[in-house]
Each structure stands twice: as C-alpha cells, then as structure tokens.
Amino acid sequence: MAQQPPTSAGLADPALIQDLVAAYRILAQQGVLDGFGHVSARHNRAANRFIMSRSLAPELVTAADLIEFDLDGNAVDAKGRALYSERFIHAEIYRARSDVRAVVHNHAPSVIPFGVTNVPLRPMYHMASFIGSGVPVFDIRKLFGMTDMLVSDSAKARTLAQTLGDKTCVLMRGHGVAVVGPNIPYAVGRSIYLDLNAKIQAQAMALSGNVTYLDPQEAQKIMDAGENRGYERPWELWKAKAMAK
Ligand code: MN
C-alpha cells in the first residue's frame with residue numbers, strides 16, 4: 001500500500017540542528033554510543049515531529065543526514081536512505097511525554113548488568129541525582145515473547161514508553177537503555193553520567209556488600225536545586241571538542 005508521507009513542519013532551528021549533530025559525536029566520543037545507537041530532538045516548530053539521523057554510525061552524522069519524522073515513525077522525506085529500525089523508541093516517547101524534547105538510545109555495556117539481574121541501578125553520587133526516583137526495566141519478552149530484542153515497531157515502543165513512565169531513563173533487558181531530557185544537553189549529560197554511575201556502582205558493589213547510595217531525598221534536593229546546572233558547563237566543552245574534529 002502506497003502511503004502518503006507526512007508533511008514537514010518546516011525548517012528546524014539551525015541551533016537545534018547543530019546541537020543534534022554535536023550530540024551524536026559527543027556520545028560516540030564519550031563511549032556511550034559505538035557504531036550503534038541514536039539521538040533525536042523534538043522539532044521546535046511542531047510537537048508531533050522529531051528529527052534524527054538516517055541509519056548511520058553516530059560519529060559520522062552531519063546536518064545533511066538528519067531526517068524529520070512523525071510520531072508513527074514515518075519519514076517526511078527519507079530520499080531513499082535507510083532508517084534506524086528503532087526510531088519508534090523516540091516516536092512513542094515523544095507521544096507519551098510532552099515534557100521530553102530529546103531522547104538517547106544506547107547500548108552502553110556498563111548499564112547492561114542492571115537490566116539482567118535483580119540489582120537496581122541507584123544513584124552513587126550527586127551527578128546521578130536524576131535516577132533518585134528509580135530506573136524501571138523494560139523486558140520485551142513479557143508482552144512480546146521471543147523477539148530479536150529490537151524495539152522496531154510502534155506497539156513495542158509504546159510499552160517501552162509506558163514502562164519509562166515519568167522517569168528519566170528506562171533500562172531494556174539484554175539490550176540497553178533509553179534516556180530522555182527537556183533538551184539535548186540534558187539527554188546527553190544524563191546518558192554520560194548514567195554510564196559513569198553504572199561503572200561506579202559495579203566497583204562499589206565489588207568492594208563491599210554495604211554500599212551507601214544517595215537517599216531519594218538527597219537526590220530530590222539536587223534536582224530541586226537545578227540538576228547539574230542544566231549541563232551547560234560540560235556541554236560547551238563536549239560540543240567544542242566534538243565539532244573540532
Ligand atoms: Mn538498540
């Protein structure tokens with residue numbers, strides 16, 4: 001069935017495009033994304049459109065690779081280029097969460113153990129206050145039985161977004177994680193500090209069974225004070241380094 005492609009919301013803000021390209025490169029350089037994984041941003045002109053790269057290794061992404069999508073995962077104009085099969089993760093999170101304006105999906109090895117054991121990922125230090133209210137785990141097998149593990153359609157992505165709920169990230173059992181934010185620096189910063197927190201938690205647990213985590217009230221106080229100052233300071237550094245290459 002030939003389907004009419006969705007109409008464009010118009011040209012996105014050049015600053016948004018620039019930040020999105022930087023986000024792909026930053027997360028690759030920080031080792032959060034490798035050849036796989038992706039970042040997206042909600043379109044600044046339309047809440048029902050988002051922007052992400054064509055299917056491409058993150059460190060290679062340029063502005064010319066970015067494509068506009070609707071919330072069913074349809075491209076406005078893919079120009080025949082291959083698309084990420086898991087773009088639905090982004091689409092359904094934007095549909096479910098009006099506060100979210102950027103989404104990262106990654107397979108950081110550090111977070112995988114916390115999706116496949118009964119050990120919850122918890123905040124080890126002040127930089128990870130955004131997980132103070134918990135990190136839910138999505139198990140694709142619960143509703144969809146045996147799959148190839150990919151969230152490659154709207155139905156699977158909808159249950160992932162439901163599992164995310166009002167949290168900042170959701171682990172995906174045997175796969176990776178989805179991280180959200182109110183803008184690109186938040187989603188990128190949270191992805192970087194989630195990776196670091198997972199590494200630190202595994203180290204602490206290897207040293208001792210008696211680990212002191214941030215209390216949920218401490219985490220909330222940090223959030224109330226302005227989570228990591230909006231990541232503005234490291235964002236300028238990460239972006240400058242990523243775009244210098
Ligand atoms: Mn994936």
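The model is a predicted one.

**Stop 1: the manganese ion**

Four residues coordinate the manganese ion: Glu86 through OE, and His105, His107 and His175 each through NE2. The distances run from 2.1 to 2.2 Å. Now look at the sequence. The donor residues follow the spacing E-x18-H-x1-H-x67-H. Next, highlight Glu86 and His105, a pair that links distant parts of the chain. Glu86 sits in the loop between β3 (66-70) and α2 (87-96). His105 belongs to strand β4 (residues 102-106), and 19 residues separate the two. Are Glu86 and His105 buried or exposed? Both are buried.

**Stop 2: the largest pocket**

Move to the largest pocket, which holds about 370 Å³ of space. Its lining has 17 residues. Select Leu11, Ile17, Leu66, Ile67 and Glu68 to find the ones closest to the centre of this pocket. Then colour by element. Both α1 (14-29) and β3 give at least two residues to the lining of the largest pocket. Which element supplies the largest share of that lining? It is β3, with three residues. Switch to colouring by residue class: the lining of the largest pocket shows ten nonpolar, three polar and four charged residues.

**Stop 3: the second largest pocket**

Now go to the second largest pocket, with a volume of about 260 Å³. Here 19 residues form the lining. Select Asp166, Lys167, Thr168, Arg190 and Met223, the residues closest to the centre of the second largest pocket. Two or more lining residues come from each of β7 (176-181) and α7 (216-226). The largest share of this lining is from α7, at four residues. By class, the second largest pocket is lined by eight nonpolar, six polar and five charged residues.

**Stop 4: Gly176**

Finish on Gly176, in strand β7. Why does Gly176 count as buried? Its relative accessibility is 2%, and buried means under 20%. Show the neighbours of Gly176. Leaving aside residues up to four places away in sequence, Gly176 touches Asn106, His107, Val111, Ile112, Val170 and Leu171. One of these contacts, His107, leads back to the first stop, where His107 coordinates the manganese ion. Last, draw a distance from Gly176 to Phe138. Their C-alpha atoms are separated by 9.8 Å, and the two residues are 38 residues apart along the chain.

Note on methods:
Residues are numbered from 1 along each chain as its sequence is written. This is a predicted model: local features need pLDDT of at least 70, side-chain atom pairs count only at pLDDT 80 or more; totals for chains, interfaces and linings use all residues. Side-chain values use heavy atoms; hydrogens and water are left out. Donors are N, O and S atoms within 2.8 Å of the metal (3.2 Å for Na, K and Ca); water is not among the atoms, so sites may look incomplete. Buried means under 20% relative accessible area, exposed over 50%, partly exposed in between (1.4 Å probe, protein chains only). On a 1 Å grid over the protein atoms alone, a cavity is a set of points where a 1.4 Å probe fits but cannot get out, and a pocket is an open set with protein on both sides within 12 Å along at least five of seven lines; lining residues have an atom within 4 Å of a point. Grid points are joined across faces, edges and corners, and a volume is the space filled by probe spheres set on the points. Ala, Val, Leu, Ile, Met, Phe, Trp, Tyr, Cys and Pro count as nonpolar, Asp, Glu, Lys and Arg as charged, and the others, Gly among them, as polar. Contact means heavy atoms within 4.5 Å.
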